[in-house]
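Please examine the model shown here together with its sequence.

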Amino acid sequence: MKPVKMTGLLLLLCLLLTQAGCAARPQMQTSVLVVFAMDTSMTLTIYEKDAEGLLSDCEQLIIQMNRLLNAHAQRSETYALSQSNGEPVVLSAAFAEVLAQALYASELTGGAFDLTIYPLVSLWGFPSDEYRVPTAAELAAALPLVDYTQLQFNEAECTAVLPPGMRVDLGGIAKGYTGDLLYDTLQAAGVAALLDLGGGIVLVGQKPDKTPWRIAVRDPLNTSKHVGVLSLEEGFVQTSGAYERYFEGEDGVVYHHILDPKTGYPSEGDLASVTVIGRQGALCDALSTAFFVLGLEESVRLWRTLEGFELVLVTKNGDVYITEGIRDRFTPTDNYTDTNVSVLTRSVP
Ligand code: AMP
Ligand code: MG
């Protein structure tokens, strides 16, 4: 996979790096690299000129994590565990670390995020892009194979046993975890950076002009628009939405890629998108997927038990909910000033 190098060229994509009206400011020096990995295009922007060496380190890290975590690439450790047929598997320390976090997220969300979702994901044809609607019988056969509590994992010894037929899918946490590693690398190098990992944004340090990072939140119901802009310090912003990957079945119904482990079908909750803001990329990622499955009410209930995360939730009827920690950091965009924005508080009103 050959990355496209675009050093010095600032790609805007859906990110508002600068705001209208800022044109008078001196332009910031940046180095930019676009990498295609994990089924998406990633744009890495470092706020320094000539940061090619560091960008190349980031690229290597992404390629390495892609190799480790890709559920259907035959040389990945994820694949090896899925093919182990109930035999104990010795894991690399790097893989064991991701697995530990995925298992923690599965437990934390009561299985709304389930790291053993692959048999279902595969039935719907998402890994192969050969989309199809499975039969009820196929789904009934696959559902018992999706149960993270069946994974025996010994973190201290880096070993795991996965019952025969079960398969692991770390697609809902891989980018966030990779984001954590990239953050550590760039933070250690002392640079400011904005990484768009496709659904996940990593903000490192402070922009040279000392203004907050500005991240637009896409309107999941009209993806060419943004419901609002977040002004943030460094950290992670992870979004899950049905619009990211879907297909239309022969029955005319649109099916998306976030599956409800309880039913085997694309989740039918009341949320159109979930954005999680926090300091741990892997958890933000897994939580964004889980909250999407859980829906508004259960997500808010779970959020109230957690420390260190803020949310922007957009419902299927276009209402926006933000958590109180970002009350002053979220500004609706011009077209959305009439949108119903409710603030969710930690204490139950
Ligand atoms: P994300 O875009 O982070 O929400 O992750 C979506 C990806 O996670 C999908 O493409 C699947 O590979 C995987 N996935 C789908 N549903 C679930 C689920 N309920 N739990 C864990 N992973 C899931
Ligand atoms: Mg996710």
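The paragraphs that follow treat the domains, the interface between them, selected residues and the salt bridges.

The structure is a predicted model. Its chain is divided into two domains: domain 1 takes in residues 2–19, 28–67 and 175–344, while domain 2 covers residues 70–171. The C-alpha centres of domain 1 and domain 2 are 24 Å apart.

How many residues of each domain are in contact with the other? On the side of domain 1 there are 28, and they meet 28 residues of domain 2. The size of an interface is often given as the accessible area lost when the parts come together. For domain 1 and domain 2, the area buried between them is about 2,400 Å², with 71% of it on carbon and sulfur atoms. The interface also holds five residue pairs in polar contact. One salt bridge is found across it. The elements α1, β13 (254–256) and α7 (281–305) each contribute at least two residues to the side of domain 1 that touches domain 2. Helix α7 provides the largest share of that side, with nine residues. By residue type, the side of domain 1 that touches domain 2 consists of 17 nonpolar, seven polar and four charged residues.

Arg-67 belongs to helix α1, which spans residues 52–69. Is Arg-67 buried or exposed? Its relative accessibility is 52%, and residues over 50% are classed as exposed, so Arg-67 counts as exposed. Beyond its neighbours within four places in sequence, Arg-67 is in contact with Arg-75, Ser-76 and Glu-77. Between the C-alpha atoms of Arg-67 and Thr-78, eleven residues apart along the chain, the separation is 9.1 Å.

Two further helix residues are buried. Thr-178, in helix α6 (residues 174–189), has a relative accessibility of 1% and therefore counts as buried. Apart from residues up to four places away in sequence, Thr-178 touches Met-38, Ile-62 and Met-65. Ser-288, in helix α7, is likewise buried, because its relative accessible area is 0%. The side chain of Ser-288 reaches the backbone oxygen of Asp-285 at 2.8 Å. With neighbours within four places in sequence left aside, the contacts of Ser-288 are Gln-238, Thr-239, Ser-240, Val-274 and Val-276.

The salt bridges come next, and the count for the model is five. One of them joins the side chains of Asp-129 and Arg-245, with N and O at 2.5 Å. Another pairs Glu-233 with Arg-329 at 3.7 Å, N to O. This pair links distant parts of the chain, 96 residues apart: Glu-233 is in the loop between β10 (226–232) and β11 (235–241), and Arg-329 is in the loop between β16 (320–323) and β17 (330–332). Both partners are partly exposed, Glu-233 at 45% relative accessibility and Arg-329 with a relative accessible area of 28%.

The side chains of Arg-279 and Glu-234 also meet in a salt bridge, at 3.5 Å from N to O. Arg-279 lies in the loop between β14 (271–278) and α7, and Glu-234 in the loop between β10 and β11, so this pair ties together parts that are 45 residues apart in sequence. Glu-234 is partly exposed, with a relative accessible area of 22%.

Within helix α7, Arg-301 and Glu-297 are four residues apart, about one turn of the helix. These two residues form a salt bridge whose closest N and O atoms are 3.4 Å apart, and both Arg-301 and Glu-297 are exposed.

Terms used:
Residues are numbered from 1 along each chain as its sequence is written. Chains are lettered from A and ligands numbered from 1 in the order in which they are written. This is a predicted model: local features need pLDDT of at least 70, side-chain atom pairs count only at pLDDT 80 or more; totals for chains, interfaces and linings use all residues. Side-chain values use heavy atoms; hydrogens and water are left out. Buried means under 20% relative accessible area, exposed over 50%, partly exposed in between (1.4 Å probe, protein chains only). Contact means heavy atoms within 4.5 Å. Domain bounds come from an automatic or database domain assignment. Buried area is the accessible area (1.4 Å probe) that two parts lose on being put together, summed over both. A salt bridge is a side-chain nitrogen of Lys or Arg within 4 Å of a carboxyl oxygen of Asp or Glu. A polar contact is a pair of N or O atoms within 3.5 Å; within protein, one must be able to donate a hydrogen and the other to accept it, and residues adjacent in sequence count only if both atoms are side-chain atoms. Ala, Val, Leu, Ile, Met, Phe, Trp, Tyr, Cys and Pro count as nonpolar, Asp, Glu, Lys and Arg as charged, and the others, Gly among them, as polar.
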